[in-house]
Amino acid sequence: MSAPQEDLDPKAAAGAAPKDPAETPDAPETAPGAVAGQPGEDLAALLAEAQAKVAEYHDQLLRAHAEVENVRRRAQEDVAKARKFGTESFAESLIPVRDSLEAALAQENQSAEDWRKGVESTLRQLNNAFERNQMREIAPQPGEAFDPHRHQAISNVPSEHPQGAVAQTLQKGYLIADRVLRPALVMVSAGQS
């Protein structure tokens, strides 16, 4: 067995580094994982500056999050209002049309000519309401090209028009601001038989 090595002085061993930090005056004392500062810098000041920046960034993040939530809430409110009041202008345009129809029904002992004039006047009011609200009719003429986005084909019929053209319009369609509300019902030409 070998003798215990307790009495050996660690400084006496060749190549051994001193273990006491006080014995190495040039090496600054730092905790494991800590960043050593430049000579003359105060680590407490650096820490305070970093914490201030973190607090500032956190505040900016909270403000940005609140702004996004406000924008989302306002957008939802705008959509709800648009759904609720989107037809208000159109409804206001139709009220005079209804008034005219009720007035016509309230009149007694009218001639056929008076009825006709009243219906024509009411139709003009309705057309004006459609124009104010960007509503237009789709009424293809015979021979026009069939448009599957605006026309609905009911059947193919032999006609003098080229194959695939509108042969006859059965019912007008309607657009509102370039969106099809109802396609025109048409018969499509199958060509000459």
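## Aromatic pairs

The model is predicted. Two aromatic pairs are counted when ring centres must lie within 6.5 Å. Phe-90 and Phe-130 make up a stacked pair, with 6.1 Å from centre to centre and 20° between the planes. Phe-90 belongs to helix H2 (residues 88-106) and Phe-130 to helix H3 (residues 112-132), so this pair ties together parts that are 40 residues apart in sequence. Phe-90 has a relative accessible area of 24% and is partly exposed, whereas Phe-130, at 15%, is buried.

Phe-130 also pairs with Tyr-174: the ring centres are 5.9 Å apart and the planes stand at 75°, so this pair is edge-to-face. Here the link runs from helix H3, which holds Phe-130, to strand S4 (residues 173-176), which holds Tyr-174; the two residues are 44 residues apart. Through these ring pairs, Phe-90, Phe-130 and Tyr-174 are joined into a cluster.

## Packing of H2 and H3

How do the axes of H2 and H3 cross? They come within 9 Å of each other and cross at roughly 175°. Because angles over 145 degrees count as roughly antiparallel, H2 is roughly antiparallel to H3.

On the H2 side the contact is made by Phe-90, Ser-93, Leu-94, Pro-96, Val-97, Ser-100, Leu-101, Ala-104 and Leu-105. On the H3 side the residues are Trp-115, Thr-122, Gln-125, Leu-126, Ala-129, Phe-130 and Arg-132. By type, the residues of this contact are 11 nonpolar, four polar and one charged.

## Gln-125 in the helix contact

Gln-125 is located in helix H3. Its relative accessibility is 26%, so Gln-125 counts as partly exposed. Apart from residues up to four places away in sequence, Gln-125 touches Pro-96, Val-97 and Ser-100. Between Gln-125 and Leu-94 the C-alpha to C-alpha distance is 8.2 Å, while in sequence they are 31 residues apart.

## The nonpolar core

In soluble globular proteins, nonpolar side chains tend to be buried together. Which residues form the largest nonpolar core in this model? There are six: Ile-138, Val-166, Leu-175, Ala-184, Val-186 and Val-188. Strand S6 (residues 184-189) gives the most to this core, namely three residues.

Once neighbours within four places in sequence are set aside, the contacts of Val-166 are Pro-140, Gln-141, Pro-142, Gly-143, Glu-144, Ala-145, Phe-146, His-151, His-161, Val-186 and Met-187. Val-186 in this list is itself a member of the core.

## His-161

Is His-161 buried or exposed? With a relative accessibility of 17%, His-161 counts as buried. The residue sits in the loop between strand S2 (151-157) and strand S3 (166-171). Leaving out neighbours within four places in sequence, His-161 is in contact with Pro-142, Gly-143, Val-166, Ala-167, Ser-189 and Gly-191. Pro-142 and Gly-143 are likewise contacts of Val-166.

## The chain as a whole

The protein has three helices and six strands. Read from the N terminus, the order of elements is α-α-α-β-β-β-β-β-β. Of the 193 residues in the protein, 12% are buried. Among contacts with a separation of 6 or more, 59% are between residues 24 or more positions apart.

Technical notes:
Residues numbered from 1 in each chain as written. Predicted model: local features only at pLDDT ≥ 70, side-chain atom pairs only at ≥ 80, totals over all residues. Heavy atoms only, no water. Phe/Tyr/Trp six-rings, centres within 6.5 Å; stacked < 30°, edge-to-face > 60°. Helix = DSSP H or I, 4+ residues; strand = E, 2+ residues; numbered from the N terminus. Buried < 20%, exposed > 50% of the residue type's maximum accessible area, 1.4 Å probe, protein only. Axes fitted to C-alpha atoms, helices over the stretch in contact; angles between N-to-C directions. Parallel < 35°, antiparallel > 145°, perpendicular 65-115°, else oblique. Contact = heavy atoms within 4.5 Å. Nonpolar A, V, L, I, M, F, W, Y, C, P; charged D, E, K, R; others polar. Core = buried A, V, L, I, M, F, W, Y, C linked by side-chain atoms within 4.5 Å.
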